[in-house]
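Thanks, everyone. Let me put the structure up, and then we'll walk through it.

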Amino acid sequence: MQEVYQNIYLIKLPLPQNPLKSLNSYLIKGTGGDRSLLVDSGFNHPETEAVLMAELKEAGVRTEEMDVLITHCHSDHCGLAGKLKNEHNSVYCSSRDGVLLRDHVGEHFWKELVKQQRFMGFPYNFQHTDHPGFRNKNEEQYDRESKDPGDTLRVGGYEFEVVDLSGHTPGQIGLYEKNHRILFSGDHLLHKITPNMKFWNFDYDSLGDYLSNLRKMNDLDVEHLYTAHREPVPDMSERIGQMLAHHDRRLGAALEIISKEPSNAWTVASGIKWDYLGGDFTKFPPPQQWFAANEAFVHLEHLFASRRDIKRQAMGDVFFYSMR
Ligand SMILES: [Zn+2]
């Protein structure tokens, strides 16, 4: 582990068989006998668990004296939280993602989730067992406490404010320390890679929420940005600009496709050039097709939510988008 700021340590946790490779977990050590806080936990996978436990031991931090904050409900951030929870500590997450975390245990949620493929026009049956989130999740329920935007957390001599970074998930949160200009930002903004965007339901424009929270993030005074994957972002403002431009281009590409003929998420994903496996969506393995089709779907939904000239029409179960 590496001390990245006073009392704040970066722990690189392996994410086996996942293109993200590792998670940046952060340990904020308590001062003067105070409790410590771990920000994000890694997959519920033996290799991830072994590294985390060895690092905590080396840091001299017992789980009884350490609370855990989950930035959002994805398995690479929360998978081990159930194992870290005991009767002496707390696991915090937002109330919105808390509901999702409760539902993620077991199979029902995942079976229902992959049924959304019918809206996108999948030509085959995508299985929930192929979803990486399903394979590395918590296996049992555990108690959580809600921390929502505006709430505060004192640890390691810092006073953090919980901030709203929703969009990547409906309840992603960050931790902001105004005096030290520190922000723990989960997956909201990453170096070189783009956080994946997912369809949740027809009432929630996840991309719209994500873009508006990116713009709000730009207003925060941040010098030390702690992201959950890869290397640090060298310039937050510049990266926010790149992400806004990236989604603008993708919205433009989706618009071009649907202006030719009514299209669904699958056909739009097939027409977009991706930065993965040579860019050809049709050759992706099923899990990546699931993520890419979701990505296309949220861009279509955002166009529909934000413009009056877009038409959305269901043909059977499949949703088609076109220009009016
Ligand atoms: Zn995530």
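Predicted model: local features only at pLDDT ≥ 70, side-chain atom pairs only at ≥ 80, totals over all residues.

Now the overall picture. The chain has 11 helices and 14 strands. Along the principal axes, the C-alpha atoms fill a box of roughly 65 × 40 × 35 Å. The radius of gyration is 20 Å. For 324 residues, a compact globule would come in near 20 Å, so the chain agrees with that expectation.

Next, burial and contacts. Of the 324 residues, 56% are buried. Take the contacts with a separation of 6 or more. Residues 24 or more positions apart account for 65% of them.

On to helix 11. It covers residues 286–306. I'll go through two helix pairs here. Two packed helices are described by the angle between their axes and the distance between the axes.

Start with helix 8, residues 206–217. Helix 8 packs on helix 11 at an angle of about 80°, and the axes are 7 Å apart. Angles of 65 to 115 degrees count as roughly perpendicular, so helix 8 is roughly perpendicular to helix 11. Who meets whom? From helix 8 we have S206, L207, G208 and L211. From helix 11 we have V298, H299 and H302. By type, the residues of this contact divide into three nonpolar, four polar and no charged.

Now helix 9, residues 236–260. Helix 9 and helix 11 also pack at about 80°. Here the axes are 10 Å apart. This pair, too, is therefore roughly perpendicular. Helix 9 brings H247, R250, L251, A254, L255 and I258. Helix 11 answers with E295, H299, L300, H302 and L303. The residues of this contact divide into six nonpolar, three polar and two charged.

Look at H299 and H302 in helix 11. They meet helix 8, and they meet helix 9 as well.

Is Q288 buried or exposed? Its relative accessibility is 19%. The cut-off for buried is under 20%, so Q288 counts as buried. What does Q288 touch, leaving out residues up to four places away in sequence? The partners are P19 and Y276.

That's the tour. Over to you.

Definitions and conventions:
Residues numbered from 1 in each chain as written. Heavy atoms only, no water. Axes fitted to C-alpha atoms, helices over the stretch in contact; angles between N-to-C directions. Helix = DSSP H or I, 4+ residues; strand = E, 2+ residues; numbered from the N terminus. Parallel < 35°, antiparallel > 145°, perpendicular 65-115°, else oblique. Contact = heavy atoms within 4.5 Å. Nonpolar A, V, L, I, M, F, W, Y, C, P; charged D, E, K, R; others polar. Rg over C-alpha atoms; globule rule 2.2 N^0.38 Å. Buried < 20%, exposed > 50% of the residue type's maximum accessible area, 1.4 Å probe, protein only.
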